[in-house]
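Please take a moment with the sequence and the model before reading on. The briefing that follows goes through the structure topic by topic.

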Amino acid sequence: MGAEWAEHPGSLAVSGSSAAPAAARRQTLPGYFSAGRPGGFSAVYGSVMDLVDKMDENEWNYHGEGNKSLVVSHVQMSRVLRLLKYSSEDAENAPQTTEETFRQMENIVDFSNNVMSPLLGDKFVHSGEVVKLPLEFVRQLSIKVQHHRPAWRCDKVMDIYSGAALCLPNLTTPSIPTHNPPLCVEIKPKCGFLPSPEHVSKDIKTKVCRHCMHQRYKVASGKWKRKSLYCPLDLFSGNRQRMYFAIKHLIEEPQNNFKIFKGGKCIHGDRDEMLSVSSLLQKLRPYFSCGNGRNKTVLHDFIQVLVDSLLSSDEEGDEGVERRLEGRMVCEASLCSTEFLRTDPQPLPRDSVLGRILQVQLLDSLDIEGLLPLYRRVEQYLHHFPKERSRLQIDGPYDKAFLEKLQKCPAEDDGSIEYAVAKVQQYRVAMTAKDCSIMVTLVPRRDEEDGSERAAFSFSASILDLDPKPQDGVRRQQRLDHRVVSAYLRDDPGPSPPLYPECTLLIHPV
Ligand SMILES: O=P(O)(O)O[C@@H]1[C@@H](OP(=O)(O)O)[C@H](OP(=O)(O)O)[C@H](O)[C@H](OP(=O)(O)O)[C@H]1OP(=O)(O)O
Ligand SMILES: Nc1ncnc2c1ncn2[C@@H]1O[C@H](COP(=O)(O)OP(=O)(O)OP(=O)(O)O)[C@@H](O)[C@H]1O
């Protein structure tokens, strides 16, 4: 998109991501909003630069939010602004200076550009630009969006003090003319493999995946009312039937793992705006079976298109994600029929969006339990030599050198601090890949075939939320791991006969 991004009058300032120090890169261009990033993205998402002279909160709508940021979308242009959030208590104590907030944003862009994009593939990653917004605009915006926010997210408030935001293409509104508005599906797949037995103390961790174990804990702690039957290992399996099953469960109980956008508006998966599956299928009907299909056919066709897009690979003769994972891709808690699990594993294409994410997740080779001694080695070393923090790039800069150190980490522990740091950094990168989301954009087109018209889609996939996880997040992970496993074992009713809705699946042969 960058090449076509022009400078237009506006009241934003932006900074891109380069090797220059953050402060030098953040241009303050009062009266201008400029941006640039290579790639032909503006053909699809439109040029940012028709942004108005003055930022006007009336031109931005609430779009969505996660734990850390709130996103607003422009009413006309295909752009979003992503603003950071803080817990209300922190906000009162002004947790960060403006300069620190900008540095945090720039770190996010650098990490996405220099670390995650090379690992995941730049065709999937759009890192965005840091922009400086007028504070009055941000304050008005925060008032405007407040009543659209889901109550359960309101323990945090939007940052209204720094004016820092990330400007990104709005992936839910590609500006391609279509007869029906584009459909976008967001999936937060979570971790797609089981840890290796040599590193874990509890056998259950090698049988039941983290997401499925976590479900019990989440329901018990009141985060969700009902358990989701979605299992990430089915989604990442590469086996179309297991993937079908996984997506069906995501549709039925989306929690925060699944959203559908139609024409840029979330129509399913947002907790406050849940549709029943049958009303959802009504909304999807015009896209499938020429608008007159039965619910089952619509559901079947919709899932098939999604599976196609998640497995699509540009690599000729893609041989699939490596075989060393065999046995670590099946979760005992999944309700997927054993028949499907027994079938020869179809390898997940390496170059597909799921294949790329899984390979980065696998940088967590030791599990949190195996990593902990190395994390302690790093912490002790930093305790004695605090100035080494910067040489070791613990908190960045996230540049090429950072990625190289992480990639060149020796296979065996040589007892060095460098080895320990590289393993912790690999773990943190893997954590980002375990927490990112995929946005699949489906643009309807009509194919004329043998005189009969049938619905078809062009699809593309992007990966969002590629923020670096903080170093001290490792401690939180350790505590959470303990709580999740203990809660699962405490409630474990023992082996139960499979319940299977195999019949449901038979209704939708794949
Ligand atoms: O720890 P997890 O696995 O529960 O993941 C957290 C997510 O919870 P989930 O289980 O997906 O509902 C959590 O998502 P929600 O707030 O539950 O939507 C965040 O993504 C959190 O990341 P961060 O701390 O904001 O950077 C995620 O934390 P980390 O990725 O930092 O662990
Ligand atoms: N570029 C984009 N285009 C369209 N929608 C987006 C874009 N970026 C984010 N969103 C929407 O905003 C939501 C929140 O964004 P994001 O996941 O980045 O927040 P977060 O707070 O970092 O999440 P988490 O809870 O995982 O920490 C996303 O789930 C998605 O629906």
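**Briefing on the predicted model**

K68, R82, D465 and D467 are linked to one another in a network of salt bridges. The model is a predicted one, and its protein chain holds 18 helices and 14 strands.

**The chain as a whole**

- Of the 510 residues in the protein chain, 53% are buried.
- When contacts between residues at least 6 apart in sequence are considered, 73% of them join residues that are at least 24 apart.
- The protein chain exposes about 22900 Å², and carbon and sulfur atoms supply 51% of that area.

**Salt bridges**

- Side chains of opposite charge can pair when their charged atoms come close.
- The count of salt bridges comes to 25.
- K205 and D367 form a salt bridge in which the closest N and O atoms are 2.7 Å apart. Because K205 lies in the loop between β10 (183-187) and α6 while D367 lies in helix α13 (residues 367-384), the pair ties together parts that are 162 residues apart in sequence. K205 and D367 are both buried.
- K434 and D364 meet through their side chains in a salt bridge, at 2.6 Å from N to O. K434 belongs to helix α16 (residues 417-435) and D364 to the loop between α12 (353-361) and α13, so this pair ties together parts that are 70 residues apart in sequence. Both K434 and D364 are buried.
- K469 forms a salt bridge with D435, with 2.8 Å between the closest N and O atoms. Since K469 lies in the loop between β14 (452-464) and α17 and D435 lies in helix α16, the pair ties together parts that are 34 residues apart in sequence.
- Why does K469 count as partly exposed, and why does D435 count as buried? K469 has a relative accessibility of 22% and therefore counts as partly exposed, whereas D435, at 15% relative accessibility, counts as buried; the cut-off is that buried means under 20% relative accessible area.

**The positive patch**

- A patch of positive charge on the surface gathers K223, R376, R475, R476, R479 and R483.
- Which helix gives the most to the positive patch? Helix α17 (residues 473-491) does, with four residues.
- R479 has its place in helix α17, and R479 counts as partly exposed because its relative accessibility is 44%.

**Helix α6 and H211**

- The buried residues of α6 are H211, C212, M213, H214, Q215, R216 and K218, and these buried residues pack against α7 (232-235) and α17.
- H211 is found in helix α6, which covers residues 210-220, and H211 counts as buried because its relative accessibility is 5%.
- Leaving aside residues up to four places away in sequence, H211 touches K190, S228, Y230, P232 and N257.
- The C-alpha atoms of H211 and S458 are separated by 31 Å, and these two residues are 247 residues apart along the chain.
- After α6 comes G222, which has a positive phi near 85°.

**Backbone details in the loops**

- K190 has a positive phi of about 65°, although it is not a glycine. K190 lies in the loop between β10 and α6, and with a relative accessible area of 23% K190 is partly exposed.
- Q393, a residue other than glycine, likewise has a positive phi, near 55°. Q393 is found in the loop between α14 and α15, and Q393 counts as buried at 7% relative accessibility.
- G396 and P397 are joined by a cis peptide bond, with omega at about 0°, and the place of P397 is in the loop between α14 (388-391) and α15 (400-407).
- R285 is found in the loop between α9 (277-284) and α10 (295-311), and R285 is buried, with a relative accessible area of 17%. R285 and V298 are 13 residues apart in sequence, and their C-alpha atoms are 6.1 Å apart in space.

Methods
Residues are numbered from 1 along each chain as its sequence is written. Chains are lettered from A and ligands numbered from 1 in the order in which they are written. This is a predicted model: local features need pLDDT of at least 70, side-chain atom pairs count only at pLDDT 80 or more; totals for chains, interfaces and linings use all residues. Side-chain values use heavy atoms; hydrogens and water are left out. Patches are made of residues with over 30% relative accessible area and no salt bridge: like charges are joined within 9 Å, nonpolar side chains (Val, Leu, Ile, Met, Phe, Trp, Tyr) within 5 Å. Accessible areas come from the Shrake-Rupley method with a 1.4 Å probe; for residues, only the protein chains shown count as cover. A salt bridge is a side-chain nitrogen of Lys or Arg within 4 Å of a carboxyl oxygen of Asp or Glu. Lys and Arg count as positive and Asp and Glu as negative; His and the chain ends are not counted. The place of a charge is taken as NZ of Lys, CZ of Arg, CG of Asp or CD of Glu. Helices (H or I, at least four residues) and strands (E, at least two) are DSSP runs, numbered from the N terminus. Buried means under 20% relative accessible area, exposed over 50%, partly exposed in between (1.4 Å probe, protein chains only). Contact means heavy atoms within 4.5 Å.
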